[in-house]
Each structure stands twice: as C-alpha cells, then as structure tokens.
Amino acid sequence: MRRRAPLAVLLCGAVAGCGQSARGADVPPPTAPAVPAVTASAEPTEPTGSVPLGHRGGWRITTYYTALESLYDGEPKAVRGCVRFHCSHGKTPLGEYPKDFLKVVQTEGSGRITAGPQQGRYLNWSHSVGFWLDATTRDSRGHPLQPWASAAADKSVLARGQRFAIVECGKDGNGRATEKKVCQAFRKARWTVTDLFRPGYGGENHADVYIGEEKGSRLSESPFYTTLSGATLGSS
C-alpha cells in the first residue's frame, strides 16, 4: 500500500500547461504495459559496479499499480473533484464509478476509466488534492509513472532520483521463496525513486515499486502483486 506525498504545491511547477483543463487534447486509451520479458534460462546478475544499499536481506519491497475499472463491479458511486492540475478538493462532478474501484484508487493513487464519457482517462487521487481526472498517472512531482521503473520511498531512506536494482528477492508475501520467474522479472528491472511516501507510511528499509496497470485477472491470481521480504538492493 502506498501513500503519496502532497501534490497540491508540487503539480503546478512540474506539469506543462498548469491551470488549464485536464482534458486538453484528445488522448488515445493507453496500452497496458507488459512485464519485462525474461527467458527461462535468464539469470539476472547484480549490476556491474553496483554498491549495496543498506543491509543484505534487510529490505521490504511492496508493489503499487494502476487499477483498471473493468475489473470491478461494486455499486456505482458519484465522485466530485478537480478537472485541472492546479486544484485541490474540487467539487466538480467527475462521474460515477464502482465503490470497490474507488477504494483501490485511494490506496494506489490512480485508476484507468474503461466506460462512460471519461473512458480512457485516469481517475487519480491524493490525500492533499482529492480526486482529479487526468490523461496519465502522476508521481508526487506531476510526472507520469513508468511501469517497472518508477519507485517510491521515504526520502530519509532512498533520496529522490536514487537508482537501484533488486539484487535478491528473499521471500514472497506468503513467506515462501519468491517464485523464480517473478524474482527474475523484479531483478531485471531498474528502478528510480520518483515518488515519496507521506510521512509515516514508508518506514526504514522499505521501497515501493510501480508495476503498471492491473491485468485481466484479479490481484489474487497474479504473482507479481506481492511483497518481497528480506530482499537485497544495490545501486544501479
């Protein structure tokens, strides 16, 4: 679970066209990103010249993602919010969406709308901004999140801009050794801290990595929506 740093004072300086309608030009529906390809024989290695970060086996790695509205079927609930970047806790009607979808958006920070007049756009959420409509996902500086590349951490643990790799995966969320193909995918990726936890939500030796848009199966059926306990990180 992730909680982003406040966006209210960050978005205006970070996003081109600040203060204009979030609709902007027509934006085609995005294509769901793919998990990094890993062949059966591939054995990712520690990045050349990598410097260990923290204690070996001392990291907890969680994942965050963009919810996909079509996977939810809860009771519709009307949402009000902003249609501009430079806005906080707006009151403009943004449409009706499944309650369970909205709950996940408030946990993960973003969701892609798949039906209705806002189809193809994103419903984003931040504690300091509330809901807003957008053409993309956003990190705490207003930049689009990059699947299998963007990460979040407390700034006292990993500074913004820090690049890292997951060198060892440790155990999965069920306390078992992480499945080989899952570990290979996480180790193959190279992450950059572009997002920050709200104070008190991150913690020591904890990083959160963004794995893109929710797939066609529910989370319980996908091994990539997991927690890596006892992981090892190295600089990248």
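A disulfide is a pair of cysteine sulfur atoms within 2.5 Å. The structure is a predicted model, in which local features need pLDDT of at least 70 and side-chain atom pairs count only at pLDDT 80 or more, while totals for chains, interfaces and linings use all residues. Residues are numbered from 1 along each chain as its sequence is written, and side-chain values use heavy atoms, with hydrogens and water left out.

Two disulfides are present. In sequence order of the bonded cysteines, the pairing is 1-2, 3-4. Cysteine 82 is joined to cysteine 87, with an S to S distance of 2.0 Å. The torsion about this S-S bond is about -70°, so the disulfide of cysteine 82 and cysteine 87 is left-handed. Both cysteine 82 and cysteine 87 are buried (under 20% relative accessible area, with a 1.4 Å probe and protein chains only).

The sulfur atoms of cysteine 169 and cysteine 183 are 2.1 Å apart. This link is right-handed, with 95° about the S-S bond. Cysteine 169 lies in the loop between β9 (163–168) and α3 (180–188) and cysteine 183 in helix α3, so the pair ties together parts 14 residues apart in sequence. Helices (H or I, at least four residues) and strands (E, at least two) are DSSP runs, numbered from the N terminus. Cysteine 169 is buried at 4% relative accessible area, and cysteine 183 is buried at 13%.

A nonpolar core is a set of buried Ala, Val, Leu, Ile, Met, Phe, Trp, Tyr and Cys residues joined through side-chain atoms within 4.5 Å. The largest has 42 residues, and Leu123 is among those with the most contacts inside it. Strand β2 (residues 59–68) gives the largest share of this core, five residues. A second, separate core of five residues includes Cys82 and Cys87.

How values were computed
Buried < 20%, exposed > 50% of the residue type's maximum accessible area, 1.4 Å probe, protein only.
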